[in-house]
Amino acid sequence: MAGPVSNALNRSPAAPVSPNRRRVGEGPLLRAFLILLALAGTFFLLVVPLGVIFTEAFRAGFAHYAGSILEAETLHAIYLTVLTALVVVPINLFFGIAAAWAITRFAFPGKKLLLTAIELPFSVSPVVAGVTYLFLYGAQGLLGPMLGALDVQVMFTVPAIFLVSLFVTCPYVARSLIPLMQAQGADEEEAALSLGASGFIMFLRVTLPNIKWALLYGVILTNARVMGEFGAVSVVSGNIRGQTNTLPLQIELLFNDQNVAGAFAAASSLAVLALVTLIARIAVERLAAREVKAPRKAASVGVSG
Amino acid sequence: MSISVRNITKNFGDFTALKGVSLDIPDGDLAALLGPSGSGKTTLLRLIAGLEFPDDGEVHFDGQDTTALDVRDRRVGFVFQHYALFRHMSVYENVAFGLRVLPRKERPAEAEIRKRVMRLLELVQLDWLADRFPSQLSGGQRQRIALARALAIEPRVLLLDEPFGALDAQVRKDLRRWLRQLHDEIHVTSVFVTHDQEEALEVADRVVVMDHGHIVQVGSPIEVHDHPATPFVCEFLGSAVRFDGVVEGGQLRIGNWHRASTHAAGAVRAYVRPHEMAVLPGIVPEAAASFAIRHIVARGGLARLELSAEGGAIVEAEMPRHKLEAAGLAVGSPVSLCPDVVHVFPA
């Protein structure tokens, strides 16, 4: 659940262990077996499928691949996916900061409940989220008659995709900030205020620099999740080709059309996104770890002169 | 700038941190808020700073009501127990922060900021650390930088929350002395919180003893030490042996020991500090009480004795080691106590 998100930035480096030192109950055979098992698992479960995506995408040659990607419906799906990320990520960025701030800086009744509620999307299947939104905003749904009277259609439109994507990804930023902000406490912020800073200056010059890596980490996770979301979007988008199809839906559609090369071409773009996300995540973790060890001098250059 | 706290009450949920507390600290004073944890001392300090707001009562600076004023408008220098230095800024930028966030009209020019920051760093004797980051400093250095940063805004009052709490013993002693000297130099009205009575007695002009959300006693270190207002103050300001005694016919009587007394007649609780009583070898009939030595702790030239009567509680006493040895006292030896100074409270 929240574990991998919250702990990734606080991971302590493993203590150096001399190669000859054996742990209790660990024979060389067992060790070899476990390492092989892990490698084999990684290979068959992760590397092979990833390889298949690209080999299948390029099977009919690069020209065909480019053609599949540049096909109008696929292009639109890419556009819609990017648009969704552009809308959803900033909203959840602000929501995440606000929620983390409220939870770590204020005492109020219902705080535990808020914390649990924020994590709800982690434990609810996205399809359930989609169905819930359909039940709320659909023509036959709870708010359906009201929306109908106002002549507003929410379901099977682009805003519906935004809505469910917001729901599915709302925990990521908050969950990556809360443990850090709890650990850091409010002392530095109070110090800034006592030195005469306004709330905004305090946030900009003290809070934000302290949480920037965790924030970026949360944003990267949110972005990856938004772009890859299938279940919830599939329920509420209506799968209208060239209108409400995001990339994951388009891949399924192409696949169902027996257009294997097209499906894999589209899939390759998502796979590339996943790899970029992975690299960005590792980079952020490295940078954050380095900053904890030795703060960079760059920050003071040009101010003391 | 004098500080006046009037009838302040502060609750956190069901917990009452302060109950109708009033306190006056004159201009230029160095005051210690002393008390056990949970006594409300830190809450009182944060209320003076404006980091908390009272449920009832007022805070005045120089006769002006500042109760409703936000911390950033109060111009108080606040030093946090764990320093709270901005970890991503250099020492120089930490100290400059208070000047840089001033409104554009009041903000000094870069050269002026530099001059003032360097002067403050010289004041805390750490100008050579200007380019370092907080994580590269020792605890004592961090605390001095935190102090320089607080002084940068030319605060009307300086407030320090357990300023030496997180430091090791030697550094703590040095910093204590240094803070006292600094205060004598700059004379800004200062209040610090501590749970260490030695620290309060050594550094402060005025000691404010707190317990359970009340102020129990305010006075000079000598006053609170020599004339504790309550048994709590007496016990909190250092170890003390408690005796049950009685006052009758103008005499205070503890065991067979007695002395003229002006206290009202009746049963009393009498406290005697370990260094304010005579330890006599053997069972002395005229003594306040007799014990056997259970344990001897030699600390340099002084021996701390743990005494107890048959089945009774442990009582602490002190005597010079050379006297202990001259009298041939060892674990198991009987001794008798005769008080020199007694603090008497109605039982």
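## Domains of chain A

Chain A is assigned two domains, domain 1 (27-57) and domain 2 (61-293); such bounds come from an automatic or database domain assignment. The model is predicted: local features need pLDDT of at least 70, side-chain atom pairs count only at pLDDT 80 or more, and totals for chains, interfaces and linings use all residues. Residues are numbered from 1 along each chain as its sequence is written, chains are lettered from A and ligands numbered from 1 in the order written, and side-chain values use heavy atoms, without hydrogens and water.

Taken over C-alpha atoms, the centres of domain 1 and domain 2 of chain A lie 30 Å apart. Six residues of domain 1 and ten residues of domain 2 make the contact (heavy atoms within 4.5 Å). The two domains of chain A bury about 620 Å² between them, 83% of it on carbon and sulfur atoms. Buried area is the accessible area (1.4 Å probe) that two parts lose on being put together, summed over both. On the domain 1 side, A:Ile53, A:Phe54 and A:Ala57 lose the most area, together 68% of what that side buries. Zero salt bridges are counted between the two domains (a side-chain nitrogen of Lys or Arg within 4 Å of a carboxyl oxygen of Asp or Glu).

## Interface of chains A and B

Here 25 residues of chain A contact 29 residues of chain B. About 2500 Å² is buried between the chains, 59% of it on carbon and sulfur atoms. A:Ser194, A:Leu195 and A:Arg205 supply 26% of the area that chain A buries, more than any other three residues.

Two salt bridges cross this interface. B:Arg46 pairs with A:Glu190 in a salt bridge, with the closest N and O atoms 2.6 Å apart.

## Second largest pocket

A:Glu190 also lines the second largest pocket. A pocket is defined on a 1 Å grid over the protein atoms alone, as an open set of points where a 1.4 Å probe fits, with protein on both sides within 12 Å along at least five of seven lines; lining residues have an atom within 4 Å of a point. This pocket holds about 500 Å³ of space.

Its lining has 19 residues, with A:Arg105, A:Phe106, A:Glu190, B:Leu51 and B:Glu52 nearest the centre. Helix H4 (72-105) and helix H10 (187-194) of chain A, and strand S1 (3-12) of chain B, each give two or more residues. Helices (H or I, at least four residues) and strands (E, at least two) are DSSP runs, numbered from the N terminus.

## Salt bridges overall

Over all chains the count is 29 salt bridges. One joins B:Arg116 and B:Glu154 (3.8 Å, N to O). These residues are 38 apart in the chain, B:Arg116 in helix H4 (residues 110-123) and B:Glu154 in the loop between helix H5 (139-151) and strand S7 (157-161) of chain B.

Definitions and conventions. Grid points are joined across faces, edges and corners, and a volume is the space filled by probe spheres set on the points.
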